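Please read it alongside the sequence and the coordinates.

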Amino acid sequence: RNFKEKLWWVPVIPGYPILGNALEFRDSTKTLERMNHYMLKYQGLCCFTLLFRPLILISDAKFCEWLLSSTTILTKSKDYQFLYNWLEGGMLISTGSEWRKSRKILTPAFHFAILEQFVEVFEKPTAIFLDCLRKQMHNEAINVHPLIVNYTLDIICQTAMGVDLKVQKESQNDYVAAVDAMCKTVVERAFNPLKSFDITYRLSPDYYREMRNVKLLHSVSNAVIDKRRKEMESEKDNVEIVNDDGTKRKMAFLDLLLKSRDEHGQPLSQEFIRREVDTFMFAGHDTTASAISFIFFCLANHPDEQNQVLSEIKEVLGEGQKITYKELQEMRYLEMVIKESLRLYPSVPFYSRQTTEDVLYEDGKVIPQGITLIVSSYAIHRNPHVYDQPGKFIPSRFLNLESKPFTYLPFSAGPRNCIGQKFAMLLIKFALINVLSNFEILPSNPSCEVVLSAESVLKARNGVNIRLKSRT
Ligand code: HEM
């Protein structure tokens, strides 16, 4: 009752006694459209409950700005704790001084000088990816998502971690299957009150399955760290290196972690490094794979846009020119295509915070302690008051769109925004240029819509199906 009194100013979605609105949100393929519906009905702000747990759902730009810019409401909601067994206290779920420490150590790993070096590293895994696509050309309906997941995982391992897991060369990868299972578990536990309590969950077979997956995931990340540690030892101090102009070369993600010292001058612990490696392997590959998959889908269904991107590629690159960081920055139309696809299909369709004390929003409007605040980027991006024909794929809208703050949030915003945003944009552009130069992307035969499923990262329940035709 206490929180209901304090939240007098937030409209409430009617629900059932005890269960609240749990039944409405239990199917992950309905969650996003439900959120969208309520955001339109209640004009961007409303409250609902899951069992006795109160949550505020937000798409209102002013409220999003207040929340995401806050330097005090930085704690992620308790749903992120469902990732704890795997990610432990990694940057995505940590809070307070632990989070600040991670963010400070790892921000230099995304400096443009590092990203610039990565473009060359993208080449080999991309060539393997093109081969994988070529093998599927006879297929009338290729579900590209699993191929793209393997590709982005290979890329993140080779760039950030400096190791080659050769995921694309294996037909079945246990690591990828375990990540997939973990993503599903998190959303199931967040929206299914029966699975959300630790006491009951630990008695269920799901818990034992999760523990098996966590063991496997940790063994892979430990192996990645040990391999790189040994390589660095054998290279002695050659990794501490200078550029041609004598300046100190910036170190990539894992090298930075292995070389960093804490406030007492001690090396970072294996546990600290492992949870950041786990966090970045997860946060880096699954989100980017979702983005690339949905861009394929959008381009397959919009041949004019595809041709426009192809013309830009020819104009910027000319004949057979090598792709460098500079050219990637010049691809303006391609950038609009990526932005528009992320508007319709944001890889992280909602994210949330938790209040740790009563906070004043404005004019006597208080948000009580312990409330979960969910920002629905999916609903924000489909708001007809902001976007004309919001359901349509129109990349050129970004040419003229009057930029209204906090109405486009695929990478979140503020102090806890996505640290890997520039890396992701670079990789997506590189992948698309290579694919579009080699293949025409077509709708599958028979054509097939995507059934969106909110599984911490946005997925298509029925796969992302397309067809490919060689351009050569
Ligand atoms: C298209 C690709 C991507 C999208 C759409 C995306 C989106 C997001 C979003 C919305 C958040 C905020 C989540 C929250 O508040 O809970 C986030 C956080 C984060 N992202 Fe990304 N991301 C992408 C790629 C990447 C990549 C490539 C990396 C790393 C290599 C990465 C690493 C992270 C990390 C570590 C955080 C947590 C930051 C913090 O809490 O301080 N992401 N991302």
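At what angle do helix H14 and H19 pack, and how far apart are their axes? Helix H14 (residues 303-317) and H19 pack at an angle of about 100°, and their axes are 10 Å apart; axes here are lines fitted to C-alpha atoms, for helices over the stretch in contact, with angles running from 0 to 180 degrees between N-to-C directions. H14 and H19 are therefore roughly perpendicular to each other, a term that covers angles of 65 to 115 degrees. The contact is formed by Gln306, Val309, Leu310 and Ile313 on the H14 side and by Ile433, Leu436 and Ser437 on the H19 side, where two residues are in contact if their C-beta atoms, placed from the backbone, lie within 7 Å. By class, this contact of H14 with H19 holds five nonpolar, two polar and no charged residues.

This is a predicted model, in which local features need pLDDT of at least 70 and side-chain atom pairs count only at pLDDT 80 or more, while totals for chains, interfaces and linings use all residues. Residues are numbered from 1 along each chain as its sequence is written.

H19 also takes part in the shell around the ligand: helix H13 (270-300) and helix H19 (421-438) each supply at least two of its residues, and H13 gives the most, with seven residues. Of the 24 residues around the ligand, Gly284, Thr287, Tyr351, Cys418 and Gly420 come nearest, a residue being near if its C-beta atom, placed from the backbone, lies within 6 Å of the molecule. The shell divides by class as follows.

| Class | Residues in the ligand shell |
|---|---|
| Nonpolar | 14 residues |
| Polar | seven residues |

Pro390 lies in the loop between helix H17 (377-381) and helix H18 (397-400). With 16 C-beta neighbours inside 10 Å, Pro390 counts as partly exposed, that is, between the limits of 20 or more for buried and 12 or fewer for exposed. Leaving aside neighbours within four places in sequence, Pro390 is in contact with Arg382, Asn383 and Pro384.

The protein as a whole has 19 helices and 11 strands, which are DSSP runs of at least four residues (H or I) and at least two (E), respectively. Its radius of gyration, taken over C-alpha atoms, is 23 Å, which agrees with the value near 23 Å for a compact globule of 472 residues. Of these 472 residues, 41% count as buried.

How values were computed
Ala, Val, Leu, Ile, Met, Phe, Trp, Tyr, Cys and Pro count as nonpolar, Asp, Glu, Lys and Arg as charged, and the others, Gly among them, as polar. Angles under 35 degrees count as roughly parallel, over 145 as roughly antiparallel, 65 to 115 as roughly perpendicular and the rest as oblique. The radius of gyration is taken over C-alpha atoms; the globule rule is 2.2 Å times the number of residues to the power 0.38.
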